[in-house]
Structure formats: C-alpha cells, structure tokens
Amino acid sequence: MALKSLIEEAAFRAFSEAGLPRETPTGLKWSARPEFGDLQINGVMGAAKQLKQNPRELAEKVLQNLPIGEGLIAKAEVAGPGFINLHLDSQAISEDCQKLLSDPRLGVEQPTKQQRVVVDYSSPNLAKEMHVGHLRGTILGDAVCRALEFKGHKVVRQNHIGDWGTQFGMLIAELQATQTQEQISAGIALSDLEVFYRQAKEHFDADPEFADLARNNVVKLQAGDGECLALWQHFIDESLNHAEDNYHKLGVSLTREDVRGESAYNADLEPLVSELIERGIAVEDQGAQVVYLEELADKEGNPSVAIVQKADGGYLYATSDLAAIRYRVNELQADRCLYFIDARQSLHMKQVYAVARKAGWAPESVQLEHCSYGTIMGEDGKPFKTRSGDTVKLADLLNEAVERANEIVAEKNPSLSQQDRDTISLAVGIGAVKYADLSKARTTDYRFDWESMLSFDGNTAPYLQYAGTRIHSLFEKAGEELASFEANIGVEQTAERALALSLMRFAESLDQLAESAMPHDLCSYLFDLAGKFATFYEACPILKSEVDATTRASRLALAALTSKTLECGFEILGIQSLKRM
RNA sequence: GCAUCCGUAGCUCAGCUGGAUAGAGCACCUGGCUUCGAACCAGGUGGUCGGGGGUUCGAAUCCCUCCGGAUGCGCCA
C-alpha cells in the first residue's frame with residue numbers, strides 16, 4: 001500500500017482515538033511548503049468547529065495518537081490554528097521507492113471495482129477531412145482510454161463517426177457525375193476530400209438537376225438502394241482511410257473495430273421514437289415529436305425542449321445519440337460512459353442524458369459524463385484558422401509541427417544523421433502538439449502557439465523528452481542497464497528527498513486522471529517530476545569519482561525510477577519518449 | 001431574454017470538494033559550464049485573484065449582485 005494511504009489510515013485511527021466521529025475527513029494533503037513538513041493533516045479544524053472544541057487542543061490530542069517514530073512518521077507538530085505537519089521517515093521513503101523500482105505498475109493499484117468504460121471520442125464527420133476541431137477530442141479521449149486501461153478498467157472505444165445525413169446524397173451524386181467505375185475503385189477522386197466536397201457543393205448550388213439527383217440519392221440511401229449504398233460505403237472507406245492516416249501519425253489507438261457511426265443506429269430510430277411516444281415521454285408539438293425536460297428548466301420554470309423527430313418525419317442527431325446510449329448500456333454493458341465532445345454542445349448532451357434517464361435507458365448506476373473541451377484559438381484569440389480564414393486541416397497542422405521540430409532539432413544537434421533527425425522530429429513535433437493540448441485544463445479554450453509548445457523550457461513535451469534523454473545518456477555512460485537496474489536506495493540530500501517524494505506520487509496522479517478524465521493533472525505531475533529530477537541531477541553528482549559506490553548506485557536507482565515513471569506517463573499520454581535527441 | 005463557461009503577474013496558464021505567505025512557464029534582471037547532455041540549473045523583479053456585498057476562526061475557491069468576454073438556446077450535426 002502507498003505510504004500516503006498508510007498514513008491516512010493512521011490518521012483515521014488517531015482521529016477516532018481522539019474522540020472524533022467516524023468518517024471525519026482527515027484532510028491529509030502533501031504539504032504546500034517544505035517548512036510544513038511532507039504531509040499535513042488539515043481536517044482537525046473543521047472537526048473542531050463541528051464539535052465546538054478548541055482546534056489546537058484537539059490537534060494535540062490527535063497528535064498524541066499518531067504512530068510517531070515507528071518507522072513511518074519521523075516527527076509531527078501542531079502548527080498555526082490547528083494544522084498537523086508530518087515529517088516522513090527517510091527510511092520509509094527509501095523503501096517505498098525501492099518497491100516502485102521493481103513494480104511495473106509503479107505503485108498503481110487495481111481498482112476496487114473494475115468498470116466497463118465506454119469512451120466516445122474523435123468522431124469526425126466523414127463528409128470532410130479532419131481539421132483542428134477534431135484534435136482535442138481525439139487526443140484527450142485517447143489519453144483517458146489509456147489511463148483507464150492502465151488503471152485496470154475495461155475500456156470500449158467508440159468512434160461515433162458522422163457517416164450519415166443529407167450531404168452524402170450530394171457526395172454520391174458527385175461521384176456518379178464525375179468518375180468512371182475504374183476511377184472510383186482506384187480512389188482517385190478522393191485524394192483530397194476537401195476539394196471534392198467543395199466541388200460537389202458548387203455543383204449542387206449551380207445545377208438544379210444535380211441537386212435533384214443528390215436529394216434523390218438521400219431517399220435511395222434510406223431505402224437501401226444497392227448502388228447508392230455501395231458508393232456510400234466506398235466514400236466512407238476512403239474517408240476513414242484519411243482519418244486513419246491522421247490517427248497513425250498522431251499515435252492514436254483507434255482502429256476500425258472501434259468505429260460505430262451514426263448509420264449503425266438507423267434501424268433503431270423509428271422504434272425508439274415510437275416507444276417514447278407510446279410511453280408518453282415524447283409528445284407532438286408543431287408537428288415534431290419533442291420531450292419536455294422539467295429537470296432542465298430555467299428559473300422561470302420553463303422546461304427545456306429536446307426534439308427527437310422532425311415535423312417531416314426525419315430524425316436528428318439527438319435521436320441517434322439516444323440509440324447509442326441504449327446500445328452502450330445494453331449491448332456494451334457500460335458502467336460508465338464518457339463523451340469527449342466540444343463544450344458548445346453541453347446543452348445538447350444534458351438533454352440527451354436527461355431523456356435517457358427519463359426513459360430508463362440509462363439507469364442511475366451508469367455514469368454519463370460529458371467530458372467537454374474548449375476551442376483552440378489562434379494568436380488573435382479567435383478560433384484557429386488559416387491566414388485566409390479557412391479551417392486548418394489536421395494533416396497540414398501535423399506536417400507543420402514535424403517540419404518545425406525538424407528545424408529546431410537540426411539546429412540544436414547538428415551531428416544527427418538525417419534518419420535519426422527525422423525520427424526525433426516526428427516524436428518531438430507530434431509530442432509537442434499533443435502535450436500542448438493535454439497539459440491545458442480540458443474545459444477551457446486555449447491559444448495555439450507554435451513557439452511555446454516547441455520550446456525546451458517550461459511545461460512542454462520537448463522539455464520532458466529532454467529530461468528523459470539525459471537519464472538514458474547517464475546510464476549509457478555508467479555502463480548500466482536502465483531497464484533492469486536495481487540497487488539499495490538511500491535518500492539523504494534535500495534534492496534526493498524531493499525527487500523521491502515526487503516519484504511516490506505517480507499512482508495518485510494517475511488515479512486522479514482516471515477519475516476526472518483530465519489529463520492535465522498527469523502533465524503537471526510529470527513536469528513537476530522532471531523539474532525535481534533536474535534539480536537532483538544538478539545538486540547530486542552520480543558518476544563523479546568522488547561519489548562512493550553505494551551513493552552512486554542509489555542515485556542511479558532514483559534516476560532509473562524517474563525514467564520509468566516519465567516513460568510510463570508518456571505512454572499513457574500517447575507521447576513518444578526518446579533515448580537521445 | 002434565458003442558459004452554460006470564463007475573468008488570477010506584462011503575456012500564456014495552474015490552483016476552485018475553503019486552509020498557513022496565491023503558484024508555474026515565457027519575458028526581464030543576476031549568477032552558474034576545461035567537471036554526469038548548459039536543449040539545463042540556482043536566485044530576483046512582478047499580483048487590489050474583474051468590482052462590491054455575504055457565509056466562516058479562515059475565501060482565488062462557497063452564496064448573492066454588478067461589470068466585462070465567449071458560447072449555446074424546438075425541427076443542421
């Protein structure tokens with residue numbers, strides 16, 4: 001068990017022995033400042049208030065019941081209005097790190113209850129090419145999937161692609177109008193989806209006959225017309241190939257097996273709405289079928305309205321989202337459903353969840369969480385666009401990232417071979433883009449800035465990657481094998497202690513991420529760890545001749561554990577670590 | 001009009017289930033390489049936490065209100 005958990009238990013016992021009620025929160029936290037010890041118990045003051053007792057006296061009483069000097073807590077004191085500051089036993093810290101070094105899970109415990117977590121992310125619209133707008137959801141969702149899997153949960157990825165709707169009638173008509181069968185099967189027309197879409201749209205706007213064909217295609221598609229479906233399928237496949245190029249470059253773990261698009265729910269929509277109507281949940285209003293949601297009423301008491309079927313009989317994305325919830329709960333047996341979707345759709349998500357609850361399709365035992373995220377802004381503080389005002393293609397963005405990284409790597413390390421430089425640039429460029437996104441608080445907008453994300457200073461991927469390479473280089477020089485290195489760890493110096501304490505907190509950080517679905521928590525942790533290592537590396541010589549063998553081995557062990565922790569964190573974030581750069 | 005989110009150092013952002021003197025990075029200033037990768041490190045300058053009320057022993061954090069910004073709001077997705 002983690003050191004902090006052991007102390008938490010000890011604190012609970014001490015609280016109880018001091019006469020405090022069960023379940024009183026101990027308020028145990030890592031200390032904000034070094035002079036407050038390693039950990040601090042903040043819960044006494046709140047408890048004293050409830051019991052109308054003197055907080056300092058109560059703190060003294062708790063202190064008396066803490067196991068001090070028994071190998072865990074070296075010393076403790078009451079401070080300020082009733083804080084209890086704890087200083088950990090250095091031997092205990094050393095032993096804890098020792099255990100972590102040989103633990104492939106780095107202290108991360110299996111969940112008390114394993115969950116099946118369905119994660120909806122990326123979900124591009126296949127009518128067009130992926131653009132910057134798809135970046136956040138794709139990266140964030142993927143990192144959270146990896147984190148949950150590492151924790152020990154069962155993750156089911158769902159790529160809810162936009163593969164259905166009126167625009168596909170138009171795109172199919174364009175295929176029919178401009179391409180021979182041979183060209184279609186060769187995939188020539190779709191080498192640039194953006195161009196093809198624009199061409200189809202222009203055609204649609206300019207030519208009424210073509211527009212009729214397009215609309216007719218929509219009808220034929222819905223009726224299951226063989227030729228139309230074949231062309232549609234061809235288009236979807238091609239477009240998915242484009243998306244997968246991006247996934248591959250980004251190192252995103254989504255595969256074809258995770259694809260379950262809107263079209264997969266077509267057959268469910270009619271019975272779904274019928275059921276809502278029969279059960280009186282949906283009612284007719286101005287020809288449409290709607291659900292009134294009192295639970296989302298404004299302060300005047302006006303209920304929120306969700307439309308599940310249009311007046312013309314057509315369905316909306318809310319309808320297929322409902323069908324998807326049913327599928328996820330019933331077929332996928334979800335305990336928890338995460339949706340990585342733009343913050344602007346938060347009302348929509350609330351409505352869909354509310355209807356699903358109301359209909360009993362998602363019982364209260366199933367968690368439904370909209371993991372919303374903000375917009376990526378340009379330097380001007382407005383949504384990120386190209387100079388000419390177009391949306392930025394994801395593929396272009398990634399290429400630029402790698403090119404920029406290449407220039408920087410070439411400048412910083414001219415001795416690299418062309419091949420090494422390319423490999424490193426890819427890791428650094430893509431890593432920088434991903435990390436810039438992952439390290440920001442998920443819910444807010446952020447400013448896209450090449451310079452700061454590719455900087456080797458500050459909370460960036462290159463800085464962390466660099467920290468990793470220093471350790472590999474250290475081991476190379478030492479002539480030791482990093483992966484299998486074992487030695488007795490003895491924490492003495494301030495910098496060693498600070499590093500060791502940071503190393504002990506990885507599991508906690510991962511748990512937090514698995515709970516909050518906010519990868520920036522883990523990023524902050526890794527940045528802190530890398531900083532602690534840099535300080536340690538500066539202050540504590542390792543391979544110098546004046547260092548004795550025991551100290552050298554201990555410090556190498558700390559370095560090895562740092563490397564493993566950083567790389568494990570990177571793996572979870574989906575960022576490549578490097579041995580040199 | 002209603003709803004959601006946001007306003008923290010010159011800039012970009014953390015911190016928000018209330019805890020001690022509000023933190024990073026950038027920028028700026030001062031130091032540190034014939035010594036493990038200086039792509040680094042140590043230190044410094046810099047903040048009425050949008051304004052005002054309230055709850056509390058204690059508020060950036062919770063409540064109310066005002067100002068300012070973004071986004072969304074029944075038949076697109």
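H134 counts as buried in this predicted model, at 12% relative accessibility, a value that falls under the 20% limit for that class. The residue sits in the loop between β5 (116–120) and α5 (135–151). Once neighbours within four places in sequence are set aside, the contacts of H134 are with S122, P124, N125 and E129.

A517, a residue other than glycine, has a positive phi near 60°. Its place is the loop between α19 (506–516) and α20 (520–539). A517 counts as buried because its relative accessibility is 0%, with under 20% being the cut-off. Q333 is not a glycine either, yet has a positive phi of about 55°. This residue belongs to the loop that runs between α12 (317–330) and β10 (336–342). With a relative accessible area of 49%, Q333 is partly exposed; the exposed class begins over 50%. For the reader browsing the model, then, A517 is buried, whereas Q333 is partly exposed.

V283, Y292, V305 and I307 together make a nonpolar patch of about 280 Å². One of these residues, V283, lies in strand β7, which covers residues 283–285. V283 has a relative accessibility of 33% and therefore counts as partly exposed, a class that spans the values between the buried limit of 20% and the exposed limit of 50%.

Key:
Residues are numbered from 1 along each chain as its sequence is written. Chains are lettered from A and ligands numbered from 1 in the order in which they are written. This is a predicted model: local features need pLDDT of at least 70, side-chain atom pairs count only at pLDDT 80 or more; totals for chains, interfaces and linings use all residues. Side-chain values use heavy atoms; hydrogens and water are left out. Patches are made of residues with over 30% relative accessible area and no salt bridge: like charges are joined within 9 Å, nonpolar side chains (Val, Leu, Ile, Met, Phe, Trp, Tyr) within 5 Å. Accessible areas come from the Shrake-Rupley method with a 1.4 Å probe; for residues, only the protein chains shown count as cover. A salt bridge is a side-chain nitrogen of Lys or Arg within 4 Å of a carboxyl oxygen of Asp or Glu. Helices (H or I, at least four residues) and strands (E, at least two) are DSSP runs, numbered from the N terminus. Buried means under 20% relative accessible area, exposed over 50%, partly exposed in between (1.4 Å probe, protein chains only). Contact means heavy atoms within 4.5 Å.
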